[in-house]
Amino acid sequence: MRRLTLVARTIFIEALRRREIYVIILITVAVLVLVSFARVFHLEYLHKFYQEIALKTMSVATAITVIVLGARQLPREFDNRTIYPLMAKPLARHEFLLGKYCGVVVAGLFCLMLFMAVFSAGALLMRMPIAWSVFAEFVYLQILLVAVLAALSFLLSLVVHLDAAITVATLIYLLGSALTNALSMIYGYVGAAGRAVLLVLNYTIPQPKLFDLSAKVIHNWPPVSAAILGLVTLYALMLIVPYLGLSYFLFRRRAL
Amino acid sequence: MSDSAEHVIEIEGLCVRYGRGAKAHSAVRELSFTVERGETVGFIGPNGAGKSSTIKTLMGFIFPQAGRVRVFGEPAGSILARRRSGYLPEVSLYYPFMKGREVLELYGGLHGLDRATLKRRIPELLEKVGLAGQGEVLLKHYSKGMQQRVGIAQAIISDPDLLIFDELSSGLDPIGRHDLRAVLLDLKRRGKTIFFSSHELYEVEALCDRVIMIHQGRKLADEIVPDLLGRLARGNGHPPMSFEQHFMNLVRSTGEEVAA
């Protein structure tokens, strides 16, 4: 456990000391400040407009941060050759991978929490009506999405080049739900083999929409039940475990 | 396990190949040797001879196509083998966003050293490798030579029984080489086993008990250094020869044999 923490800590330190996260946060804050100026145009439902822009911007910014951080971990270790002194220590390959994964997730959560603090501060300053229980559910599902995207970008970085891994993971994040909708539409028109492929794709490509409760926050709709949250948690685990398992399978005998 | 009864390093029939099919290239061919406890062994050969591939196999970074590689009687690369080994890579950067102290805490922690031990040992180590007072500086501000000194510090942080150095003094200036030699002599005096590859033959002459020469993945010679140097100095019917000249002759004659 200590070894996992030590490996994870390096990523967290990196995330804190690099300027990327702060630049993303500053851009997000700038967007929110600009949106809040819409008040001068006497827009109706300004708070909904603010919330929608804010939550979408923060979700996308967190996702991109996690994808980039996750995808570059292993290629960077190889490029900088930092992997050699690290793997010369009594550190098993699965501990290395899990430590890296935990570090990316923690850095992603740090980013998400900063965003949520900014959002909450903005909402309180503008005296917006927010259903905090729904907001908590929104944050919880975003945490799950961070964990899924980190595992996905990890796996992709072991299969394709770093740039391709970032691109594919970003496309899956942005278009995953639309893609799986399209798969279900063509399901009836293909043969048995095609259906098998579509089924595999359907269950292996994450559907980010399932983790998005922003509409409920914006429109003050009632919270979802604990059972639904449990099912989405299970769905996230069903993606994370195979992604990490496959990553380990690819990495365990890889020449360094 | 009794170390005195078993070899610290045992390589038998090692074959390492890169690529597949027509593009396959053999880096190491049927290489066999052992390193005994307390020995300092130099591993030399021209570029592409297979030194780094052999060392990477020893550390478990690559997997051989054939042969048996054991460290302290354990399979190379196993956790047990790595627990007792320290390794300095040929070229390596150390996380640029971390401080010297932090990176040593990471490597020491992975070796299982507790906080109190690390707090005591890290300043001592930094002093030993000539980085006293640099522990709180980010590694991105370190020069190449300073990075290599960090590398030496991380390799010896757990006071391992076996030290493996790939290209011993790569990236070090003359003062760095001098300091490194002092560190190695200290380790040698304390009975540690040291195995290193190098292009600097004078290092081998100065430090090693034994030298293993390889070329094109095959072992050319495995000799006791004082015996070899004595024989070369005496000439034995030939003009006296330097170690460097002997090495060049061996490599060239092998190259001619292969060409013939």
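# Confidence, sheets and chain contact

Trainee: Over which residues of chain B does pLDDT stay under 50?
Mentor: pLDDT is the predictor's confidence in each residue, from 0 to 100. Where pLDDT is low, the predicted coordinates should not be read in detail. The model has seven contacts beyond four places in sequence for this stretch, a contact being two C-beta atoms, placed from the backbone, within 7 Å. The stretch is residues 1–5 of chain B.

Trainee: What pLDDT do side-chain atom pairs need to count?
Mentor: Residues are numbered from 1 along each chain as its sequence is written, while chains are lettered from A and ligands numbered from 1 in the order written. This is a predicted model: totals for chains, interfaces and linings use all residues, local features need pLDDT of at least 70, and side-chain atom pairs need 80 or more.

Trainee: Which helix of chain A has the highest confidence?
Mentor: Chain A averages a pLDDT of 88, with 97% of the residues at 70 or more. Helices (H or I, at least four residues) and strands (E, at least two) are DSSP runs, numbered from the N terminus. Confidence in chain A is lowest in α2 (residues 20–36), at a mean of 79. At a mean of 95, the top one is α10(A), residues 226–251.

Trainee: How far apart are the end C-alpha atoms of helix α3 of chain A?
Mentor: The expected span is 1.5 Å times one less than the number of residues. The helix has 34 residues (46–79), so it should span 50 Å. The model agrees, at 48 Å.

Trainee: Where does the kink in α3(A) lie?
Mentor: A bend is the angle between axes fitted to the seven residues ending at a residue and the seven starting there. The kink is about 40 degrees and comes shortly before the proline P75(A). It lies at Q73(A).

Trainee: What is the bridge partner of M213(B)?
Mentor: Strand β9(B), residues 210–215, runs antiparallel to β10(B). Six bridges join the two. In β10(B), the partner of M213(B) is A221(B).

Trainee: What is the bridge partner of E10(B)?
Mentor: Look at the open, antiparallel sheet β2-β1-β4-β5 of chain B. There β1 (residues 9–18) and β2 of chain B pair over seven bridges. The partner, in β2(B), is T34(B).

Trainee: Which element of chain A gives the most residues to the side that touches chain B?
Mentor: The contact takes 22 residues from chain A and 23 from chain B. Both α1 (2–17) and α4 (83–87) of chain A supply at least two residues of chain A's side. With seven residues, the top contributor is α1(A).

Trainee: What ipTM does the predictor give the complex?
Mentor: Chain B has a mean pLDDT of 88, and 95% of its residues reach 70 or more. For the complex, the pTM is 0.87 and the ipTM is 0.86.

Conventions:
Pairing = 2+ DSSP bridges.
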